[in-house]
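Subject: Model handover and salt bridges

Hello,

Here is the structure for your files. My notes on its charged side chains follow below.

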Amino acid sequence: VFESPPVSQAHLNDVIDAYVLLLRDGSEITAARIRKHSEASPRDLWLADVADALAWQPLKPASFSNTIAPINHFLQLSESLGRESFERSRLGGVDHGNDYSKLIAAIEGTVGVAPIEVAKMRQNSLFGSVAKFAPNGIRRPRRMHGPSQNKTKDNRYLDFPLTYFSQLIAAATSWRDKALWALLAASGIRTSEARNLRWDDLDIAAQKVYVLDPEGRRYALPRDIAEEPRFKGRSMGSTYLFPPLRQQFFDFLAEYQRHEYVPNRQPGEPNYVFQYLEYKRRGEPLVNASDTAIVKSFRKAARAAGVPLSENGTDWAPHSLRHLYGVYMLNDYPLSPAEGKFGLTLVEVQMLMGHERISSTRHYARSKQDRLMRKLQASDEALLGLYSSELQNLPIGSIKALELNQ
């Protein structure tokens with residue numbers, strides 16, 4: 001940067017401006033576009049040569065956020081270090097008038113500052129001035145959508161397999177996680193709603209759980225909780241926990257309270273149910289824990305339990321237990337098994353899960369083969385006047401025919 005001829009601030013600004021477009025289009029298209037629209041100035045051709053030398057392929061839209069984040073951190077750090085250079089050079093007797101370019105020129109030959117400090121201040125001042133051209137960081141190009149904005153994603157494989165739930169629970173390393181995961185699967189509430197729960201929201205004797213809007217409680221949050229509890233809104237606060245997961249949850253909760261829970265130290269503190277178990281934050285409410293940490297422990301247990309990946313090849317997350325609940329209640333909840341009636345209505349499941357729009361609930365609808373077979377079996381039993389055990393007394397040929405139809 002500081003050799004002759006030096007790379008100017010304009011060069012670096014061009015690099016920052018071109019970075020996102022280079023990610024989007026790749027080196028070949030970017031370089032061709034620069035050469036086509038430039039007036040063959042050395043500056044523009046230099047940027048095209050850089051694009052060619054990088055030989056980047058276009059980045060997938062889903063990777064934009066993770067790729068842009070380091071550059072934004074770099075810009076923030078550069079501006080911070082640039083301001084620090086102003087102060088350090090002023091203490092060294094350098095008159096720069098709060099101008100980066102003057103500082104870079106004035107620092108040369110300064111006796112009161114060590115050579116290594118001169119080099120650092122020159123570099124920090126240059127990048128600090130560049131950062132001022134992008135004070136809010138760089139952004140995803142318009143009309144480039146990440147996975148959270150993709151409305152056509154496939155929701156068919158997001159429900160955790162109920163047959164592996166017992167293995168998942170056995171692999172959990174704490175009573176807290178056992179209770180939390182059993183609650184998510186039994187009630188279908190969101191992970192954020194579970195972390196908002198307080199002991200007052202539980203009726204242990206009646207085995208009831210209530211999800212309430214934390215809006216009126218935020219005044220009572222401890223000072224070290226900077227964020228407000230997340231809440232997407234519900235039309236009803238009561239939840240339905242289906243057995244036997246209901247009983248499992250309250251059993252795990254009792255063990256968690258007995259062995260891991262730390263009672264409030266100060267009177268009047270919010271009595272959140274779920275807490276940190278790590279040594280440094282032991283006993284603090286889990287209400288604002290990062291989603292990453294919660295997901296990491298869940299995936300670790302799922303791998304230890306030998307739970308296969310979802311059908312689209314992705315790892316499981318705690319939110320899959322909410323999908324498990326939604327799929328079960330909408331498709332498999334036994335209303336009248338003898339008549340082949342399973343599953344609540346969309347509106348009923350919408351109320352239980354707290355969906356604002358019924359279109360969100362509709363994602364859980366399934367045309368499952370096993371659901372169809374239950375209806376056929378109920379019809380066979382009604383027509384033949386036989387129970388499932390009695391159907392085994394039919395001739396072997398009839399049984400084979402039924403199996404083929406299944």
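A polar contact here is a pair of N or O atoms within 3.5 Å; within protein, one must be able to donate a hydrogen and the other to accept it, and residues adjacent in sequence count only if both atoms are side-chain atoms. By that rule, the side chains of Glu193 and Arg190 make a polar contact at 2.7 Å.

The model is predicted: local features need pLDDT of at least 70, side-chain atom pairs count only at pLDDT 80 or more, and totals for chains, interfaces and linings use all residues. Residues are numbered from 1 along each chain as its sequence is written, and side-chain values use heavy atoms, without hydrogens and water.

Of its 406 residues, 40% are buried (under 20% relative accessible area; exposed is over 50%, partly exposed in between; 1.4 Å probe, protein chains only).

Now the salt bridges (a side-chain nitrogen of Lys or Arg within 4 Å of a carboxyl oxygen of Asp or Glu). The whole structure has 11.

- Glu193 sits in helix α8 (residues 191-196). Glu193 also forms a salt bridge with Arg190. Both residues are buried, Glu193 at 2% relative accessibility.
- Arg35 and Asp49 pair at 2.8 Å, N to O. Arg35 is in helix α1 (residues 9-37) and Asp49 in helix α2 (residues 42-54), so the bridge ties together parts 14 residues apart in sequence.
- Glu284 and Arg281 pair at 2.9 Å, N to O. Glu284 is partly exposed at 23%, and Arg281 is partly exposed at 37%.
- Arg24, Asp25 and Arg33 form a salt-bridge network.

Best regards

Note on methods
Helices (H or I, at least four residues) and strands (E, at least two) are DSSP runs, numbered from the N terminus.
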